[in-house]
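Subject: Structure handover

Hello,

The structure I promised is below. My notes on what was found in it follow.

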Amino acid sequence: MFLIDTHKPAERAFIVGVKLQQDTHEGVAESLKELASLVDTAGAEVIESFIQNKTKADTTFFIGKGKVEELKAFAEDAKIDTIIFDTELSPSQIKNLENKIGKKILDRSWVILDIFANRAKTKEAKTQVELAQLKYFMPRLTNQWSHLSRQAGGGVGTKGPGETQLETDKRMIREKITQLEKELEEISKQRDIRRRGRGNVFKVILVGYTNVGKSTLMNKLSNAGVLAENRLFATLDSTTRTIELENKKSFLLSDTVGFINKLPHNLVASFKSTLEEVVEADLLLHVVDISHDNFT
Ligand SMILES: Nc1nc2c(ncn2[C@@H]2O[C@H](COP(=O)(O)OP(=O)(O)OP(=O)(O)O)[C@@H](O)[C@H]2O)c(=O)[nH]1
Ligand SMILES: [Mg+2]
């Protein structure tokens, strides 16, 4: 990937949930269980987890200082490589935790972005994910590069001597973001043209949580042959097929990206054009997994 080493999650992971005053225990436990499947999907092994009760998030570490010490000791004993928080940590919290514990610290957003990056197949999905990753990494770059000293030389200007490595990297990333945004706009225009070409045909879109069976249903109804498997986010790109009914009437059926709690906002913004299709549907078919504990 451009400029950034997207270090794959290491094998042995410890996952952390925090129950703040407004959260229910069930909600936090469910979300942590979901993080465990995300981590598993991303290719790491969850060794241990805990949930900490806190009235409000600690600005320095997110969790309490005592817990940080406990985590450090456990991580050393159990040879943990990566500690993953079930929330979006601020750049400074990541830095403080990494300095204190000496292990790689990731958050839920990073794991989701990593899964999306590995799943993206089409140019559109790849561009959408890369844009979301760059926007996520941009403020976090400060941590990684802050130790670099100002380069020698006294030239003035936007480029070259006098500019720190961090400034150069940030500028390059900003340029790349602008370029990706332009590319997405172009792809989105082509999508609009395709969409208009479909005219007034009745449009049905399969929506719902990830891994509930949307693509399986799509294949049953249309023989589309889309990938359906027991993994989170198997589908990132929309697929549309015309379905002919026995009475000779037809409609369009689309399968698209699934949802999950706490999707990184950069990702939602990047997938705007994919999600716009949903807004224009005549019927949203909400697919649910009736074997899920929460189904009542
Ligand atoms: N038991 C059972 N399993 C199902 C059913 N429908 C789908 N599955 C299985 O559930 C898993 C997920 O199915 P997908 O169709 O890929 O789910 P999806 O909603 O498209 O998931 P993503 O694209 O990853 O968001 C697959 O292993 C399917 O074989 C069903 O009705 N019953
Ligand atoms: Mg699917």
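A cavity here is a set of points, on a 1 Å grid over the protein atoms alone, where a 1.4 Å probe fits but cannot get out, and its lining residues have an atom within 4 Å of a point. Grid points are joined across faces, edges and corners, and a volume is the space filled by probe spheres set on the points.

This is a predicted model, in which local features need pLDDT of at least 70, side-chain atom pairs count only at pLDDT 80 or more, and totals for chains, interfaces and linings use all residues. Residues are numbered from 1 along each chain, chains are lettered from A and ligands numbered from 1 in the order written, and side-chain values use heavy atoms, without hydrogens or water.

The cavity. The count is one cavity of 30 Å³ or more, and the largest cavity has a volume of about 80 Å³. Its lining consists of Arg195, Arg198, Lys203, Ile205, Thr240, Leu252, Ser254, Glu277, Glu280 and Ala281. By class, that is three nonpolar, two polar and five charged residues (Ala, Val, Leu, Ile, Met, Phe, Trp, Tyr, Cys and Pro count as nonpolar, Asp, Glu, Lys and Arg as charged, the others, Gly among them, as polar). Strands S5 (203–208) and S7 (250–255) each supply at least two of the lining residues. Helices (H or I, at least four residues) and strands (E, at least two) are DSSP runs, numbered from the N terminus.

The metal. Ser215 (OG) and Thr235 (OG1) coordinate the magnesium ion (ligand 2) at 2.0 to 2.1 Å. Ser215 is in helix H8 (residues 214–222) and Thr235 in the loop between H8 and strand S6 (239–244), so the pair ties together parts 20 residues apart in sequence. Donors are N, O and S atoms within 2.8 Å of the metal (3.2 Å for Na, K and Ca); water is not among the atoms, so sites may look incomplete. Both residues are buried (under 20% relative accessible area; exposed is over 50%, partly exposed in between, with a 1.4 Å probe and protein chains only).

Ligand 1. An oxygen atom of ligand 1 lies 2.9 Å from a backbone N or O atom of Asn211. For Phe233, the distance from a backbone N or O atom to an oxygen atom of ligand 1 is 3.1 Å.

Backbone. Most residues other than glycine have a negative phi. Asn211, in the loop between S5 and H8, has a positive phi near 65°.

Regards

Notes. 1 Å grid on protein atoms, 1.4 Å probe; cavity = no way out; pocket = protein on both sides within 12 Å on 5 of 7 lines; lining within 4 Å. Polar contact = N/O pair within 3.5 Å; in protein donor to acceptor, adjacent residues only side chain to side chain.
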